[in-house]
There are 2 protein chains.
Amino acid sequence: MLGNVTSSPSDLRDVGVRELLNPTSVAVVGASRKVNSIGGAILANLLRDGYTGRIYPINPQTSEVQGLRAYSSVTAVGQPIDLAVIAVPKSAVESVVDDCIFAGVRGLVIISAGFAEASEEGRQMERRILHKVRAAGIRMVGPNCMGLLNTDPRVRLNVTFTPIWPPAGNIAILTQSGALGLTILDQVKRLNLGISSFVSVGNKADVSGNDLLSYWVDDPRTGVVLLYLESFGNPRKFARIAPEVVRRKPVVAVKAGRSAAGSRAASSHSAALANLDVAVDALFEQAGVIRTQTLEEMFDVAALLATQPVPRGPRVGVVSNAGGPAILLADACEARGLVLPSLSEKSIAAFRAFLPPHAGLSNPIDLVASDDPATIERSIRILGDDPNIDAIVVIFIPPLMTTRPEDVAAAIARAAGDLPGEKPIQTVFLSTQGTPEMLGSGPRGRLPAYSYPENAAIALSAAYRYGTWKNRPRGNIEVLPPPVITEVRRIICNEAAAAGGPSWLSPEGVSQVLKAIDLKMAEAREVSLEEAAVEADRLGYPLVMKAVAPGLVHKSDVGGVVLGLKTASDVRQAAGHMKQRLATAGYELQRVLLQRQIGDGVEMLIGVTTDPVFGPLLVCGMGGIHVELLKDVSFRLTPVSDRDAAEMIAKLKSAPLLEGYRGTPPADREALIGAILKVSALVQAVPELMELDLNPVMVLPPGQGVIAVDGRMRIRPSMDG
Amino acid sequence: MLGNVTSSPSDLRDVGVRELLNPTSVAVVGASRKVNSIGGAILANLLRDGYTGRIYPINPQTSEVQGLRAYSSVTAVGQPIDLAVIAVPKSAVESVVDDCIFAGVRGLVIISAGFAEASEEGRQMERRILHKVRAAGIRMVGPNCMGLLNTDPRVRLNVTFTPIWPPAGNIAILTQSGALGLTILDQVKRLNLGISSFVSVGNKADVSGNDLLSYWVDDPRTGVVLLYLESFGNPRKFARIAPEVVRRKPVVAVKAGRSAAGSRAASSHSAALANLDVAVDALFEQAGVIRTQTLEEMFDVAALLATQPVPRGPRVGVVSNAGGPAILLADACEARGLVLPSLSEKSIAAFRAFLPPHAGLSNPIDLVASDDPATIERSIRILGDDPNIDAIVVIFIPPLMTTRPEDVAAAIARAAGDLPGEKPIQTVFLSTQGTPEMLGSGPRGRLPAYSYPENAAIALSAAYRYGTWKNRPRGNIEVLPPPVITEVRRIICNEAAAAGGPSWLSPEGVSQVLKAIDLKMAEAREVSLEEAAVEADRLGYPLVMKAVAPGLVHKSDVGGVVLGLKTASDVRQAAGHMKQRLATAGYELQRVLLQRQIGDGVEMLIGVTTDPVFGPLLVCGMGGIHVELLKDVSFRLTPVSDRDAAEMIAKLKSAPLLEGYRGTPPADREALIGAILKVSALVQAVPELMELDLNPVMVLPPGQGVIAVDGRMRIRPSMDG
């Protein structure tokens, strides 16, 4: 019943992106003499930045552009063209595309805007173009994009209209906003980071983030991938592809549009708890993608991961020539799961040998206003040798009078070169003068430099979490056997068909489904008010009575749940009172559900909600009626592995309850993980299941399993029936 | 029984700081020819920066320093000296101070280090110096500091050793770290912010943050105060002074050392929930001080408050020439309590008149890659006129080809000049080129400019919260009448004296104290196990039984609380079982407490814990046994006003429970506030009370008040007895 999670190999196949980024010839359609027109700027960039292939300006109005022979159309070139960049008014785009296909062009970049992003008419035009391109078997970037850039010295392709040629390096960048793409290139250059390739994806009609990830994972020039995303085209494909990429290279993402989720009709706890941003967070966490809160953070993290090894652990050693910023760094580290441990005896002795007597020898090491390059170099070497330290941060406030910052930078660079290969080093130069050039002069090459101590801590903690994710074993998911799937779908589809549209499954249906997937539910009988006392004697005590009334969803809100019934007369009396209470609240109590009360156990919730874009999300959290108020929950996209389930539970504030908290016995955590896996398997196998709330799920003492006490499922008619 | 919270006038009296910052003559003791010695650098700064008063270098080894006549000692000057700056080896400081006092110097700045921060010997030396200075009636900054700076053109004092002379402006800065002070001056200059005065306080032996606040509150040149703090000398004095300052000028603080709190023996919920950083947060929130998470945020907030009005509301209007960064800004705003409302009909019509048809007319307004200065200017004017908008943000990605950023900046500056006086404007220039000079060219002068959209949002939300704090009415606190104080202290001191040291008050003592302050507690009787059934019949049912056993603190953890006892036989049986359970857990059940069970109500907690530095902290939160797990609590320093109490409650995730949540009736929120005020009054009047846990406090339906169900108090012997 268990199988490994692996993505299908085809998900990771690069289909044509390599050709787009490494063309041996480029046609610029709309190439103008005016370098301040878009087509003109692109042509000028190809020329200025030394593109190594052949360039064909396409301009029907002239025979020469920017010193090159111009052609009236793509077809008129008469030579093989790998890539055509289209920067013409939108009304002309479609016929240019036809022309390109006719001429056998292998790839397209459509810069022109006015398509799906602008109007319904544009959307249709975009769709027509996409059909043509797909039929021709070629790939297309855009429309409504800013183009491509590849710094490979064998290629030197810049078909963007930015004036920036960034330094070559190992960072690949995808941006879904063209304008922001400019800013990103600008910042990358300023921060002295190096780029492998850059793609502005625009409307993502054809080439998507998933395609680019599949290319970059095998691109030897790419070590880190940065994503600026505004939407997901196919989040479930991303969920399959991204983890495979992330196991090999870090992916750092900013996802804009957190607040755009808007409100959604919330008919169950699980749905009310979810929102689009929760889904994005779940997706990134599951996939090991580093989500940063801000653009600035994205660069800070990239600067570390692009140049330094991933730290093996959370233990940071800090050396600083000033106390204040070291404290700020320590605060920021500890707030984010990093620690500043004591140094080894050997390190302390080594520091004592050359630091002034009043220097603090506890981590962070305060050099007490010393700015001697030799002291700083020696300090770094000591931290490098210290087995208690996984990562090193050097903070430096440039001295006032004597030492030159360049000398300090050179000393840091020298010491960094001799550090053990697994230990990253970061520097904080608290100066508006920026970072001295010499910082990059050592054997390690570029070293990350931050202007504020907190930024270094934020980046380091992201790198540490990434390392933890990368080193965790792959998880296992559970799969329902075919007969179980058949049985569950029979139960669900019968009711869904009868309802004719989305509807709540009957309580019997719910217990049958849970029974089919081997998830225990508290025994319950639905009976009339008159039968209640007799049935109660048959079930045994103590009992819980729950209301069954048309339209009633949150039973406990209107007094529709009574606990602790101990005798038949209790039951009779409770039924009568409940009928009155429900009548007052506008409901008719038709029948009641009687259930043996579950004793000791931890109340948890397992639920499912279906996001229109992301599909099913599984939620686990503290159960009970206050779940929405306290929001102690965690989400994952299905399928959820045992590893994911364990992480979902570990994230909860209420997790200690399961370990035995303040005198209460521990609970069967493994059984809770098992139940999550079963629900995940159910969701994967039965797309008719839209929403599920098991609340509470009582987690009993170890070895005794879990019991769902109340369950609701929302279903829709079969999509394949 | 109610009185207004006001600080005593003497708290806000400036005692000598003005003289320190505005001397008409300065002696530099340790003035050297070498400008790269500290004394030499200070003298050079006084000369370079154009100090308007008389300068007396003190150097016994020479008759001339840097072109000025040098004196062998302060006494040798023979002229009145307002300020002496001491930069000599620590062994010489004490005699220099003697000399200064003898010569009638009015104020001292001791740059020299090696005092309380370095060793016990240094601490004693510092104390001796302080005594001398106090006895002489003069003020002293430091030791171990970086000096003072006053940009007032009538003064131009720079007795620091930084090479930076910052622009004059309205920001006053206090730093507790000298090295970080350098960075702050450096950043302030880079960000084109202006400074009124700057004080590096060092060890704060005499002049403290409280003294400086008292000065700056009345300093007409100061509009915003920035604090970099590492410790509080007298937090309760700060708690009195700061709100009075903040009502007139914003105070922005970074407090380092969050993680330094360490763990503390946690013998009650309230104590376990508190830590030093919680106290700092409570203090700042209460006082209206804006606490920023990072240094960078401090500058971002200062840039806004130093140049723009405080926004009247949370409604932000955004205009951008690029979609991506506008979304990032919107996300960051909405995550921090700001909103981006729809614009008025009039504004939408005005935009429609000149924006291209596909431009979005919902806020944020996307100018769709337009970079025409006239368009941007017009857009700002429309937002200025829109009654739906309280604050304006302009985002600009510098154009690629045509418009000059300088022209855009000039257009923004023009439009900003015509905005209604109450609307702040911020700009985001997404460019490493920095901000064009022209941005400061309009009638509003400097405009805040950010490099990333998120920074603008963080600053704006801080300014908005500040405005909310500033506009709230002053709160009222409650004071216990003297006879009540006498009664409570009698109860407490009797028991404390008997115990001889810190101890828990007896259950009877707790009920007597609560009764004295008119805080209802559930009726309870402590009886022997044999008497329990008889006493139960007398009290009535349902009942709760609680264990009384030596050493037992968390009763429910070991089965020491049984609910729902309905008959005498229930009580007998429960007592027997409890005895066994406690024996298993290692406790001897000696007696039991019987209490009528409180029915419908919301379980809250009110507690007090005493921090060694901050004194008593009051905590309010969701009650019950999981309070430490869920940590849904808020803290305030005592005394707590009705306004504070309401804010404490509003901050809780569980606050909706009090308003009637999901079918449960609302609760008596006013009575809960009343109970908090009574506890606050109790704490203020009875310093013997160290710790208090009222958990749960049942908040009954409106008009029915609150009842403490369980209460514990830790007391210490009277400090004045």
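Visitor: Where is A:Pro364 found?
Guide: A:Pro364 is in the loop between helix H12 (345-352) and S17 of chain A. Before we go on: this is a predicted model, where local features need pLDDT of at least 70, side-chain atom pairs count only at pLDDT 80 or more, and totals for chains, interfaces and linings use all residues. Residues are numbered from 1 along each chain as its sequence is written, while chains are lettered from A and ligands numbered from 1 in the order in which they are written.

Visitor: And the H and S labels, what do they stand for?
Guide: Helices (H or I, at least four residues) and strands (E, at least two) are DSSP runs, numbered from the N terminus.

Visitor: OK, back to that proline. What kind of peptide bond joins A:Asn363 and A:Pro364?
Guide: A cis one, with omega about 0°. Another cis peptide bond joins A:Tyr541 and A:Pro542, with omega about -5°. A:Pro542 sits in the loop between helix H18 (532-539) and strand S24 (543-548) of chain A.

Visitor: Let's do sheets. What's the strand order in the open sheet of 5 strands in chain A?
Guide: The order is S17-S16-S18-S19-S20, with parallel pairing. Two strands count as paired if DSSP finds at least two bridges between them. Strand S17 (365-366) and strand S20 (449-450) of chain A are the edge strands, each pairing on one side only.

Visitor: How many bridges join S16 to S18 in chain A?
Guide: 5 bridges, between S16(A) (residues 316-320) and S18(A) (residues 391-396), which run parallel. A:Val316 has A:Ala391 in S18(A) as its bridge partner.

Visitor: Which strands does H15(A) touch on that sheet?
Guide: H15(A) packs on the sheet and touches S16, S18, strand S19 (425-429) and S20 of chain A. Its direction makes about 160° with that of S19(A). Contact here means that the C-beta atoms of two residues, placed from the backbone, lie within 7 Å.

Visitor: At what angle do H10(A) and H15(A) cross?
Guide: Roughly 65°, and the axes of H10(A) and H15(A) (residues 453-471) come within 9 Å. Those axes are lines fitted to C-alpha atoms, for helices over the stretch in contact, and angles run from 0 to 180 degrees between N-to-C directions. From H10(A), the contact includes A:Val301 and A:Leu304, and from H15(A), A:Ile458 and A:Ala459 are among the residues making it. The residues of this contact divide into 9 nonpolar, 1 polar and 2 charged.

Visitor: How are those classes drawn up?
Guide: Ala, Val, Leu, Ile, Met, Phe, Trp, Tyr, Cys and Pro count as nonpolar, Asp, Glu, Lys and Arg as charged, and the others, Gly among them, as polar.

Visitor: Switching to the two chains: how many residues does each put into the contact?
Guide: Chain A gives 58 residues and chain B gives 58 residues. Helices of chain A that each supply at least two residues to its side include H5 (178-190), H10 (295-305) and H11 (323-334). H11(A) provides the largest share of that side, 8 residues. The side of chain A divides into 29 nonpolar, 18 polar and 11 charged residues.

Visitor: Next, S14(A). Why is it described as largely enclosed?
Guide: Because 5 of the 5 residues of S14(A) (residues 251-255) are buried. A residue is buried if 20 or more other C-beta atoms lie within 10 Å of its own, exposed if 12 or fewer, and partly exposed in between, with C-beta atoms placed from the backbone. A:Val251, A:Ala253 and A:Lys255 are buried on one side, and A:Val252 and A:Val254 on the other.

Visitor: Which strands pair with S14(A)?
Guide: S13(A) (residues 224-229) runs parallel to S14(A) and is joined to it by 5 bridges, with A:Leu226 opposite A:Val252. S15(A) (residues 290-291) pairs with S14(A) in the parallel sense over 2 bridges, and there A:Ala253 stands opposite A:Arg291.

Visitor: Over in chain B, how many residues of S24(B) are buried?
Guide: 5 of its 6 residues, and S24(B) covers residues 543-548. S24(B) pairs with S26(B) (residues 591-596) in the antiparallel sense over 6 bridges. In S26(B), B:Arg591 is the bridge partner of B:Val548.

Visitor: Last one: is A:Asp518 buried or exposed?
Guide: A:Asp518 counts as exposed, with 12 C-beta neighbours inside 10 Å. A:Asp518 also has a positive phi of about 70° although it is not a glycine.
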